[in-house]
Structures are given as structure tokens and as C-alpha cells.
Amino acid sequence: MKIAIIGTGNLGLSIANGILKSNGATSMYLTKRDTTSIADFEKFDKVTVTNDNRLAVQNSDILIFAVQPVHFADILESIKDLLTENHVIISTITGFGIEKIEAVIGKDNYIVRSMPNTAISVGKSMTCICSNEKGKKRIDLTKAIFNRMGHSMEIPENQMQAATVICASGIAFWMRLIRATTQGAIQLGFDAKEAQELAMHTCNGAASLLIDSGNHPEEEIDRVTTPMGCTITGLNEMEHQGLSASLIRGIIASYDKITEFKTK
């Protein structure tokens with residue numbers, strides 16, 4: 001596949017790394033106004049680094065946009081005359097709906113919205129996907145791209161903001177939980193490096209258990225809790241201190257904020 005990433009900032013870089021590690025492209029164009037920070041990618045034979053979006057579009061079939069929302073409409077306007085039946089437009093841009101994209105380039109294009117997270121750079125992204133009517137014909141192709149870099153799910157567009165909170169912001173939420181576990185381990189006597197290693201691999205194991213088994217989290221909790229034991233004592237104290245309630249309230253606050261951005 002001939003892929004262009006238009007706007008190679010933090011998320012664009014993560015996607016580029018994920019594609020390279022999964023050998024997911026026959027050629028890849030990376031664009032940025034100042035290419036200094038992405039110049040190292042030129043060492044890969046299949047990668048071209050440029051500040052020319054039109055050049056990237058002309059030499060690619062799959063266009064992944066990872067620019068700032070404020071610039072997206074102008075960039076689409078600047079390349080729309082180059083779009084052909086071969087192009088698939090994949091937007092990763094929060095708050096910029098399909099209807100707004102169609103208003104610039106027309107409905108007769110394959111348009112897909114995606115919401116990956118930065119774990120895409122290590123092949124572990126949770127990516128949510130939706131499309132316009134024509135883009136439904138390219139959903140399987142889009143999922144194939146992102147499934148090489150994690151897991152993808154097709155959802156209705158009206159759930160994309162919620163998916164942004166759970167999947168994209170969710171990376172930060174889980175990082176904070178891992179940090180807290182690390183701090184607890186330090187207090188119990190482990191040094192900082194050991195504590196983080198214990199925390200992050202235990203977190204990875206917990207997620208893997210659910211992915212592989214398909215079980216509800218409480219089923220796995222039941223496996224490690226015994227009457228009057230240390231695990232249930234710890235869980236109950238966490239709940240008394242508001243662990244679940246705080247997480248849920250944080251998720252809702254994040255969603256309220258992203259909804260506020262959309263209405264401005």
C-alpha cells in the first residue's frame with residue numbers, strides 16, 4: 001500500500017513507526033511544515049520526507065491526516081483537485097466530523113474517521129473507525145491497516161468523541177494508574193526501576209488475561225481473592241477511597257470537556 005501521513009506530529013510519528021514496524025506499506029510519504037524533526041525517517045528506503053502535501057497525495061493512495069483541527073480544512077482545500085477514485089481519506093482529527101470533510105472535498109470520496117492512540121507505535125493501539133456512505137467500501141481496508149498495529153473497532157460516528165476519551169485519553173489514565181502502582185511498590189521497598197517493571201508487566205498481564213479469555217474483569221478478580229485475604233482487603237480499601245467512582249468521574253469530565261470543544 002502507498003501511504004501518506006499528512007502532518008507528522010506526535011500521533012503521526014506513532015502511526016509512521018507502527019506502519020514501519022508492521023511492514024504495512026510499500027511506500028510512505030511523511031509531511032510536515034518543518035521536516036527537521038522527522039529527517040531521520042529518510043534512512044528508510046520506502047520513506048520520503050517532505051513539506052509538500054501535494055507531492056505526497058500524488059504519490060499515495062491512502063492519505064492519513066494527523067494535522068491540527070484548525071489547519072485541516074485549508075489542507076483539504078489545497079489538495080482536493082488531486083483526489084482520485086483510488087484515494088482513501090483517513091482522518092485522525094478530533095472533533096472534525098465527516099460532514100465537515102464532505103463539505104470541503106465532496107461526498108463522492110472514500111472518507112474514514114479513525115481514532116487511534118499513541119500505543120500504535122508499538123503495535124498495541126485501540127483504534128475506533130467510522131465512515132461516510134462511500135467509505136463503508138473501504139472499512140475493511142482501513143481495519144486491515146490498523147489491525148497490523150493493534151486492534152480496531154467500527155463504531156457509529158456519534159460515539160467517536162466518547163471513543164476519544166476511552167482510547168486516546170485513556171492511555172494517560174492508564175499511565176497514571178501504573179504510576180500510582182509504582183509508587184506503592186516503592187513504599188513497600190522496591191527501588192524505582194523494579195517498581196515500574198512490576199507495575200507495567202502486571203498491568204499488561206491483566207489486560208492480556210481479559211483479551212485471551214473474554215472473561216469479565218470480576219471473573220478474574222474472583223480467581224485471586226480469598227476470604228479475609230490481602231487482595232480483597234486492598235480492593236475494598238481502594239473502593240472506600242473512591243477508586244472506581246473517581247475513574248468514572250474523570251472519564252465523564254473528560255467527555256464533557258471534549259463536548260465543550262465541539263460546541264464552541
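Biologist: Why does N117 count as buried?

Modeller: The relative accessibility of N117 is 5%, and buried means under 20% relative accessible area, with exposed meaning over 50% and partly exposed the range in between, for a 1.4 Å probe and protein chains only, so N117 counts as buried. This is a predicted model, in which local features need pLDDT of at least 70 and side-chain atom pairs count only at pLDDT 80 or more, while totals for chains, interfaces and linings use all residues. Residues are numbered from 1 along each chain as its sequence is written, and side-chain values use heavy atoms, with hydrogens and water left out.

Biologist: Where is N117 found, and with which residues is N117 in contact?

Modeller: N117 is found in the loop between β6 and β7 (125-131), where helices (H or I, at least four residues) and strands (E, at least two) are DSSP runs numbered from the N terminus. Contact means heavy atoms within 4.5 Å, and, once neighbours within four places in sequence are left aside, N117 is in contact with L11, K124, S125, M126, C167, A168 and I171.

Biologist: Why does R113 count as buried?

Modeller: R113, whose place is in strand β6 (residues 110-115), has a relative accessibility of 7%, a value under 20%, and therefore R113 counts as buried. Not counting residues up to four places away in sequence, R113 touches S91, I93, G95, F96, G97, I98, C128, I129, C130, E157 and M160.

Biologist: What does the side chain of R113 reach, and at what distance?

Modeller: The side chain of R113 reaches the backbone oxygen of F96 at 3.4 Å. A polar contact is a pair of N or O atoms within 3.5 Å, where within protein one must be able to donate a hydrogen and the other to accept it, and where residues adjacent in sequence count only if both atoms are side-chain atoms; the distance of 3.4 Å is within that limit.

Biologist: Why does E99 count as exposed, and why does E239 count as partly exposed?

Modeller: E99, found in helix α4, has 67% relative accessibility, which is over 50%, so E99 counts as exposed. E239, found in helix α9, has 41% relative accessibility, which falls between 20% and 50%, so E239 counts as partly exposed.

Biologist: How is the packing of two helices described?

Modeller: Two packed helices are described by the angle between their axes and the distance between the axes. Axes are lines fitted to C-alpha atoms, for helices over the stretch in contact, and angles run from 0 to 180 degrees between N-to-C directions. The axes of helix α3 (residues 69-79) and helix α4 (residues 98-105) come within 9 Å and cross at roughly 35°. The contact is made by F72, A73, L76 and E77 of α3 together with I101, V104 and I105 of α4.

Biologist: How do the residues of the contact of α3 with α4 divide?

Modeller: They divide into 6 nonpolar, no polar and 1 charged, where Ala, Val, Leu, Ile, Met, Phe, Trp, Tyr, Cys and Pro count as nonpolar, Asp, Glu, Lys and Arg as charged, and the others, Gly among them, as polar.

Biologist: Which residue does UniProt list for "binding site"?

Modeller: In an unreviewed entry, UniProt lists N53; its positions are given in the numbering used here, feature names are shortened, and annotations may be inferred rather than shown by experiment. N53 lies in helix α2 (residues 53-58), and, not counting residues up to four places away in sequence, N53 touches I6, T31, I75 and I79.

Biologist: At which residues does UniProt place the feature "domain: Pyrroline-5-carboxylate reductase dimerisation"?

Modeller: The unreviewed entry places this feature at residues 157-260, and over that span the chain is 84% helix and 0% strand, with the end C-alpha atoms 17 Å apart.
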